[in-house]
Amino acid sequence: MVLSGTLRCRIDGEDLDLGPGDAAVIPRGAEHTFTNVADEPCEMAWVILGGGFHPFLEELDAAGTFDLAVVGPIAERHGHALTGPPLAA
C-alpha cells in the first residue's frame, strides 16, 4: 500500500501506477518490481503473508545498499531470482 508519493509496479508484465491509498497484491512466485516515479519520496507499507520472507529482508537491510551486485547473491541465498533490468521511472 502506498502511503505517500507515486509508485510504479510491474507484476507479471502488467504496469500499475499507484498513489496514496492504492495497493497491489503480488502473488507468490510472480515476477515483480517497483520504482518511485516522482521527485518526492515514496513511502509504502508491506503486508507479507505466509512467512519465511523476513530473513531475506533482514539481510538486505544489513547490506545497506540496493546495488544489484550485492543484492543478487543475497536473493540467491534465500531462493529468490533477480530477473530483467530494473523498472525505469
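Visitor: Why is Asp-15 called partly exposed?
Guide: This is a predicted model, and in it Asp-15 has a relative accessible area of 41%. Buried requires under 20% and exposed over 50%, so a value in between is called partly exposed.

Visitor: What makes the contact of Asp-15 with Arg-10 a salt bridge?
Guide: The N to O distance between the side chains of Arg-10 and Asp-15 is 2.6 Å. The criterion asks for a Lys or Arg nitrogen within 4 Å of an Asp or Glu carboxyl oxygen, so the pair qualifies. Arg-10 is itself partly exposed, with a relative accessible area of 33%.

Visitor: How many salt bridges does a search of the whole structure find?
Guide: It finds three. One of them joins Asp-17 and Arg-8, at 2.6 Å from N to O. Asp-17 counts as partly exposed at 47% relative accessibility, and Arg-8 is partly exposed at 21%.

Visitor: What makes Glu-59 and Arg-77 a salt bridge?
Guide: Their closest N and O atoms are 2.3 Å apart, and the cut-off is 4 Å, so the label applies. This pair links distant parts of the chain: Glu-59 belongs to helix α1 (residues 54-63) and Arg-77 to helix α2 (residues 68-77), 18 residues apart.

Visitor: Why is Arg-77 called exposed, and which label does Glu-59 get?
Guide: Arg-77 has a relative accessible area of 54%, and exposed means over 50%, so the label follows. Glu-59, with 25%, is partly exposed.

Visitor: How do you know that the count of disulfides is zero?
Guide: A disulfide needs two cysteine sulfur atoms within 2.5 Å, and by this rule the count is zero. Cys-9 is in no disulfide, as the nearest cysteine sulfur, in Cys-42, is 8.5 Å away. Seen from Cys-42, the closest cysteine sulfur is that of Cys-9, and 8.5 Å is too far for a bond.

Visitor: What makes β2 and β3 a pair of strands?
Guide: β2 and β3 (residues 14-18) are antiparallel and share five bridges. At least two bridges are required, so they count as paired. Leu-7 has Leu-18 in β3 as its bridge partner. The two strands form a hairpin with two residues between them, and Asp-12 in the turn has a positive phi of about 45°.

Visitor: What is known of the largest pocket?
Guide: Its volume is about 2000 Å³. The lining has 48 residues, and Ile-26, His-32, Phe-34, Trp-46 and Phe-53 lie nearest the centre. The elements giving two or more residues to that lining are β2 (7-11), β4 (32-36), α1 and α2. By class, the lining divides into 31 nonpolar, twelve polar and five charged residues.

Visitor: Where is Pro-55 placed, and why is Pro-55 called partly exposed?
Guide: Pro-55 is in helix α1. Its relative accessibility is 31%, a value between 20% and 50%, so partly exposed is the label.

Definitions and conventions: Residues numbered from 1 in each chain as written. Predicted model: local features only at pLDDT ≥ 70, side-chain atom pairs only at ≥ 80, totals over all residues. Heavy atoms only, no water. Buried < 20%, exposed > 50% of the residue type's maximum accessible area, 1.4 Å probe, protein only. Helix = DSSP H or I, 4+ residues; strand = E, 2+ residues; numbered from the N terminus. 1 Å grid on protein atoms, 1.4 Å probe; cavity = no way out; pocket = protein on both sides within 12 Å on 5 of 7 lines; lining within 4 Å. Points joined across faces, edges and corners; volume = space filled by probe spheres on them. Nonpolar A, V, L, I, M, F, W, Y, C, P; charged D, E, K, R; others polar.
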